[in-house]
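Open the model in your viewer and keep the sequence panel beside it. The stops below say what to select and what is there.

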Amino acid sequence: MGRQGWECLPALKDVPSFDAQYDLFIHKLALCHDRIDFNLPNGHLKRKSLKRQALEDLIDYMDQPIKDSFPMRIYPPLISMVSANLFRRVPTREVLVNYSEPDDQSRSLEPAWVHFELVYDVLQRFIAHPRADVFLMQTVVTKDFILRLLDLFDSEDMREREKLKTILHSAYSRIIPLRGFIRSSITDLFQRYIYELQRFNGVAELLEILGSIINGFALPLRDEHKEFLRTALVPLHVPAGLATYHVQLSFCITLFVEKDPSLAIDAIKGLCKYWPRVQSKKEVLFLAELEELLELVEVEEVSSVVEPLFGRIASSISSQHFQVAERALLLWNNEYVVNCIMHYREVAMPAIIPALRDNERRHWNQQVILLSCHVQRLLREMDPQLYDRCFNEDERSRMRRERVARLKAKLKKDLDLTSESEWNGTIPPSSSISELLQIAGTSSEHRSKENGVDLNCTELKRHLPRADGEDDDDEEVT
């Protein structure tokens with residue numbers, strides 16, 4: 001039938017018999033196979049109009065109550081029409097490192113959406129239609145079809161991703177044999193995004209689907225579901241684009257923890273492992289999620305992660321970015337967090353008090369200084385003896401760091417004088433340059449990072465004269 005003949009086709013609802021309706025249905029599906037270039041707004045206007053009318057008629061027909069099931073002969077041409085129109089290479093832009101949430105107005109919109117939307121509506125009604133036989137549907141909605149649908153989630157047009165979300169969720173609900181495959185395919189897609197692609201537009205929408213799926217998991221959770229949390233959801237904290245889907249990700253993890261509280265420890269371990277070092281906005285998100293997880297877990301269950309947990313909190317308190325430091329200090333407004341700190345104060349206070357005192361002495365933001373002083377008062381009231389012990393230890397550590405700084409300055413001065421003077425081939429009597437350089441390399445990398453100390457001061461003391469006015473004492477500088 002030519003395109004002129006299609007212009008005279010009646011509406012499906014005007015055809016009296018079911019067989020004739022289905023024949024016309026297939027004819028109109030064939031009409032909709034026609035691919036049109038929508039990059040030319042004023043081109044192919046007649047073809048666009050015919051195709052739109054045919055798609056609208058198909059949608060109207062599927063919205064009508066039907067007594068009998070759809071015959072098998074319409075399934076392949078319908079899926080073939082959908083595939084011919086929708087499956088394409090999704091245009092992508094160059095990867096840009098952006099730690100903030102993107103502006104949706106800056107994303108490109110699909111020029112053919114006016115007809116893509118109708119094709120998606122046909123597919124959506126077909127999959128969700130009560131008269132569509134699920135067993136027959138499995139013969140056309142194959143694994144390859146699902147994979148190609150997942151690829152379309154990378155579209156920059158949010159309207160298309162929303163349609164895909166609804167369709168994939170319907171397919172998961174109705175076609176039970178495909179459920180495991182859909183979950184594993186989403187897992188593979190997430191891992192490709194984390195370790196290879198570094199960009200994918202549809203992560204938030206896929207997480208919304210998973211939220212509904214996780215909510216329906218039966219108890220007790222199967223091992224494969226727990227593994228999905230560990231291998232797919234928790235590593236999603238790594239990419240720089242976390243802000244675009246963090247709300248959905250946090251919701252999925254919370255659902256898992258509500259079903260099995262022991263999984264909170266896996267989530268907390270993952271947060272500590274992937275804790276951002278230079279991305280302040282991500283660090284604020286991590287702190288908010290950490291607070292939510294601590295509210296869902298019993299205090300006794302946190303014992304296996306207390307050291308990395310309070311280490312991360314202490315590092316955030318010490319952050320020079322005021323939003324990070326302030327968000328970490330506001331954890332003390334949460335009674336669950338305070339109870340956790342109270343229970344594990346022998347570990348928490350030695351890690352947190354030095355960071356608080358450092359803020360009090362040197363932080364540039366007045367609000368952070370006030371909050372640090374307030375938290376110190378709370379810790380002092382919590383356990384005065386432990387607080388005093390940690391306070392005194394921090395004071396001794398600070399004095400050691402200052403003494404080492406003086407010795408390093410003296411060494412630098414000796415080295416500078418040696419390089420500037422006329423060297424006669426002998427080493428200056430006050431120090432041994434070769435031995436000092438050897439000593440400088442003996443400190444461990446960990447100590448260098450934590451204390452800023454790169455010299456062994458006990459050895460250094462043997463090779464450098466004491467500074468003027470420095471008292472003799474038996475304290476060993478370590």
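Helices (H or I, at least four residues) and strands (E, at least two) are DSSP runs, numbered from the N terminus. The model is predicted: local features need pLDDT of at least 70 and side-chain atom pairs count only at pLDDT 80 or more, while totals for chains, interfaces and linings use all residues. Residues are numbered from 1 along each chain as its sequence is written, and side-chain values use heavy atoms, with hydrogens and water left out.

**Whole chain**

Start with a cartoon of the chain, whose secondary structure comes to 23 helices and zero strands. Colour by accessibility next: buried means under 20% relative accessible area, exposed over 50%, and partly exposed in between (1.4 Å probe, protein chains only). Of the 478 residues, 46% count as buried. Contact here means heavy atoms within 4.5 Å. Among contacts between residues at least 6 apart in sequence, 74% join residues at least 24 apart.

Select Ser108, in the loop between H4 and H5. Its relative accessibility is 40%, and Ser108 therefore counts as partly exposed. Which residues does Ser108 touch, not counting those up to four places away in sequence? They are Glu156 and Asp157. The C-alpha atoms of Ser108 and Asp157 are separated by 6.5 Å, although the two residues are 49 apart along the chain.

Move on to Leu118 in helix H5. Leu118 is buried, at a relative accessible area of 12%. Show Arg52, Leu55, Glu56 and Ile59, which Leu118 touches when residues up to four places away in sequence are not counted. From the C-alpha of Leu118 to that of Ile59 the separation is 7.9 Å, for residues 59 apart along the chain.

**Aromatic rings**

A pair of aromatic rings is described by the distance of the centres and the angle of the planes. Rings of Phe, Tyr and Trp (its six-membered ring) pair if their centres lie within 6.5 Å; planes under 30 degrees apart count as stacked, over 60 as edge-to-face and the rest as tilted. The structure holds 11 aromatic pairs. One of them is Phe87 with Phe145, an edge-to-face pair at 5.2 Å centre to centre and 65° between the planes. Phe87 lies in the loop between helix H4 (75-86) and helix H5 (113-128) and Phe145 in helix H7 (residues 143-152), so this pair ties together parts that are 58 residues apart in sequence. Both Phe87 and Phe145 are buried.

Now select Phe322 and Trp364. Their ring centres are 5.9 Å apart and their planes at 80°, so this pair is edge-to-face. It links distant parts of the chain, 42 residues apart: Phe322 is in helix H16 (residues 322-329), and Trp364 is in the loop between helix H18 (345-362) and helix H19 (366-382). Phe322 is partly exposed, with a relative accessible area of 30%, and Trp364 is exposed, at 53%.

For a cluster linked by ring pairs, display Tyr22, Phe25 and Tyr61. Then go to Arg357, which lies over the face of Phe391 at 4.0 Å from the ring centre. A charge sits over a ring if NZ of Lys or CZ of Arg is within 6 Å of the ring centre and within 35 degrees of the ring normal.

**Helix H19**

Select H19 and look down its axis. Which residues of H19 are buried? They are Val368, Ile369, Leu371, Ser372, Val375, Gln376, Leu379 and Met382. The face turned away from the buried side carries the exposed residues Gln366 and Glu381.

Arg199 is in the loop between helix H9 (179-197) and helix H10 (203-215). Arg199 is buried, with a relative accessible area of 18%. For Pro220, go to the loop between H10 and helix H11 (223-233). The peptide bond from Leu219 to Pro220 is cis, with omega near -5°.

Finish at His246, in helix H12 (residues 246-259). Is His246 buried or exposed? At 8% relative accessibility, His246 counts as buried. Leaving aside neighbours within four places in sequence, His246 is in contact with Leu285 and Glu289.
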